[in-house]
Amino acid sequence: MLTTTGASLADSAPTELQTQTIDLALAQSQVSESIDDTEALAARRTEVTDQSALLQGRQQEAERVAREQERVALAKKKEEEARKKAEEEARKAAQKWVLPMNNYNFTSAFGQRWGRLHAGIDLAAPIGTPIVSISSGKVVKISSAGGCGRQVWIEHWEGTITRYCHMDYFSVNVGERVGPGQKIGGTGNTGRSYGPHLHFEVHPNGMNGGPTNPIKWLQAKGLGV
Ligand SMILES: [Zn+2]
């Protein structure tokens, strides 16, 4: 396309049409760029949203794990407390002291009698009346020898030995563990005895420690004979 001067249009100043064309192209390019920007922005937004969703998810998971750990720890603590309480109750129950018989007539005290030591107390009751261990312990001896007749020796949890004499029958064996109030046999008239009764001895320092007054000893445990 030549002008009247022969110069090409490109060399001369732009015509209005050309200017418009350039403006349009520029405008189109800008629109295009702005479309690209919008898409990039949208993509970026999506990315950010995804990341924050991921972060939020992680945080929620961390919180859930923390809550679960707290719940488990609390349950464990409660379980431990319940176990300790049960143990304490079992210990208290095992260390409880009771009288060797429920129904009896007190017939003889501890002390000198007929020129020798009466080493225990006598509780009279009809033959076969239940005799019980006064606390938890282990049956360390069963014998039928001597003036004491059929007898049971029990070593208790804190070291004291109790001896039950003149029994008619035994309900336990040597080595057996017994609890407070557990029946060990029945009253009888065996050995040197003049009528069915329980002769009961307390040896606070074990088998060879010597007997003590059972009434005073039982009173110290809160028990009245
Ligand atoms: Zn006696």
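The paragraphs below lead through a predicted model, from its sheet and its zinc site to its disulfide and its salt bridges. Because the model is predicted, local features are described only where pLDDT is at least 70 and side-chain atom pairs count only at pLDDT 80 or more, whereas totals for chains, interfaces and linings use all residues. Residues are numbered from 1 along each chain as its sequence is written, and side-chain values use heavy atoms, with hydrogens and water left out.

Seven strands, in the order 1-4-12-8-7-6-10, form an open sheet with antiparallel pairing; strands here are DSSP runs of E with at least two residues, helices are runs of H or I with at least four residues, and both are numbered from the N terminus. At the edges lie strand 1 (105-108) and strand 10 (177-178), each of which pairs on one side only, where pairing requires that DSSP finds at least two bridges between two strands. Within this sheet, strand 6 and strand 7 (residues 151-156) run antiparallel and are joined by six bridges, and glycine 137 has histidine 156 in strand 7 as its bridge partner.

Serine 136 sits in the loop between strand 5 (130-132) and strand 6 (137-143). With a relative accessible area of 12%, serine 136 is buried, a word that stands for under 20% relative accessible area, while exposed means over 50% and partly exposed lies in between (1.4 Å probe, protein chains only). The side chain of serine 136 reaches the backbone oxygen of alanine 94 at 2.6 Å. Beyond its neighbours within four places in sequence, serine 136 is in contact with residues including His156, Trp157 and Val178, contact meaning heavy atoms within 4.5 Å.

The zinc ion is coordinated by His118 through NE2, Asp122 through OD and His199 through ND1, at 1.9 to 2.1 Å, and along the chain these donors follow the spacing H-x3-D-x76-H. Donors are N, O and S atoms within 2.8 Å of the metal (3.2 Å for Na, K and Ca), and water is not among the atoms, so sites may look incomplete. Histidine 118 is buried at a relative accessible area of 5%, and aspartate 122 is buried at 6%.

The structure holds one disulfide, a term for a pair of cysteine sulfur atoms within 2.5 Å. Cysteine 148 and cysteine 165 form this disulfide with their sulfur atoms 1.6 Å apart; the pair links distant parts of the chain, with cysteine 148 in the loop between strand 6 and strand 7 and cysteine 165 in strand 8 (residues 161-165), 17 residues apart. The torsion about their S-S bond is about -65°, so the disulfide is left-handed. Cysteine 165 is buried at a relative accessible area of 0%, and cysteine 148 is buried at 10%.

Salt bridges come last, each being a side-chain nitrogen of Lys or Arg within 4 Å of a carboxyl oxygen of Asp or Glu; the count comes to eight. Arginine 71 and glutamate 68 meet at 3.0 Å, N to O, and both lie in helix 1 (residues 16-94), three residues apart, about one turn of the helix. Arginine 91 and glutamate 88 form another such bridge, at 2.8 Å, N to O. Glutamate 201 and arginine 163 also meet in a salt bridge, at 3.3 Å, N to O, which links distant parts of the chain, strand 12 (residues 197-203) and strand 8, 38 residues apart. Both glutamate 201 and arginine 163 are buried.

Methods: Polar contact = N/O pair within 3.5 Å; in protein donor to acceptor, adjacent residues only side chain to side chain.
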